[in-house]
Amino acid sequence: MSGSTVPAYVDTRKVFQQDAKISGNVALDRLPRFRDLLADEQADIQIDLDFVLNSAGRKLISGHLRAEVDVQCQRCLEAVRITLDDEVRLALVRDEAEAGRLEEDLDPWLSEDYKLDLAQLVEEQLILCMPIVSYHADASCQNALGYQIPAEPVDTEPEGEVAENPFAVLEKLKKKD
Ligand SMILES: [Zn+2]
């Protein structure tokens with residue numbers, strides 16, 4: 001299943017009734033906000049979602065998201081490969097009031113009509129599980145640090161100004177005499 005591409009939208013009137021399973025790849029160009037967080041376009045995003053109508057009549061979306069992406073290493077500023085692995089447990093709701101009545105272990109996913117934007121759901125979940133900062137695990141990028149940041153701030157004050165001030169003070173002192 002990993003090679004197949006998932007549909008852009010699912011019809012919420014059907015998927016829960018059919019106990020649908022949707023697995024496959026999501027193209028990065030369908031996730032523009034997530035793409036903005038990455039160092040490049042080398043991404044592999046797999047989803048595996050089940051749509052279930054439970055005994056209480058809840059429309060549940062559960063499963064896994066897994067993404068291998070490149071982000072910027074905050075130490076050497078080069079790309080570092082990370083894996084995002086997220087468990088999804090959402091309940092489809094129509095409005096805020098319905099969201100407020102959800103069991104605590106469920107997060108609401110708001111969909112006002114029958115068209116559920118699958119890419120938007122995946123994008124939102126991936127953004128939520130992105131680490132705030134990422135680093136290379138090995139020490140090689142620590143060596144690169146010396147080239148990225150100057151060791152000491154360089155004294156950039158123009159010599160002329162530095163030389164002028166003592167004289168100006170001296171001039172004032174002389175005038176007072
Ligand atoms: Zn690094």
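**A friendly note on this predicted model**

1. Confidence comes first. The protein chain in this predicted model has a mean pLDDT of 85, with 79% of its residues at 70 or more. Please take care with residues 159-164, where the pLDDT is below 50 and the model shows 1 contact beyond near neighbours in sequence. Where pLDDT is low, the predicted coordinates should not be read in detail.

2. Next, the overall layout. The protein chain has 6 helices and 7 strands, and along the sequence they are arranged as β-α-β-α-β-β-β-α-β-β-α-α-α. Among contacts with a separation of 6 or more, 58% are between residues 24 or more positions apart. Of the 177 residues, 18% count as buried.

3. As background, nonpolar side chains in soluble globular proteins tend to be buried together.

4. What does leucine 118 contact, leaving aside its neighbours within four places in sequence? The partners of leucine 118 are Val6, Pro7, Ala8, Tyr9 and Val10.

5. Is valine 6 buried or exposed? Valine 6 counts as buried because 22 other C-beta atoms lie within 10 Å, and the cut-off for that class is 20 or more. Apart from neighbours within four places in sequence, valine 6 is in contact with Ile22, Gly24, Asn25, Val26, Ile47 and Leu118. With isoleucine 47, the sequence separation is 41 residues, while the C-alpha to C-alpha distance is 8.3 Å.

6. Strand 4 and strand 5 run antiparallel and are joined by 13 bridges. They form a hairpin that has 6 residues between the two strands. Within this pairing, leucine 60 stands opposite alanine 91 of strand 5. Strand 5 also pairs with strand 6 (residues 107-110), this time in the parallel sense and over 4 bridges. On that side, alanine 91 stands opposite proline 108 in strand 6.

7. Two residues with positive phi are worth a check. Leucine 77, in the loop between strand 4 and strand 5, has a phi near 70°, a positive value in a residue other than glycine. Leucine 77 counts as partly exposed because it has 14 C-beta neighbours inside 10 Å. Aspartate 19 also has a positive phi, near 50°, and lies in the loop between helix 1 (12-15) and strand 2 (21-25). Aspartate 19 is exposed, since 10 other C-beta atoms are found within 10 Å.

8. Finally, a look at glutamate 41. Where is glutamate 41 found? Glutamate 41 lies in the loop that joins helix 2 (32-35) to strand 3. Glutamate 41 is exposed, because 10 other C-beta atoms lie within 10 Å, and the cut-off for that class is 12 or fewer. The C-alpha atom of glutamate 41 is 7.9 Å from that of valine 69, although these residues are 28 apart along the chain.

How values were computed:
Residues are numbered from 1 along each chain as its sequence is written. This is a predicted model: local features need pLDDT of at least 70, side-chain atom pairs count only at pLDDT 80 or more; totals for chains, interfaces and linings use all residues. Two residues are in contact if their C-beta atoms, placed from the backbone, lie within 7 Å. pLDDT is the predictor's confidence in each residue, from 0 to 100. Two strands pair if DSSP finds at least two bridges between them.
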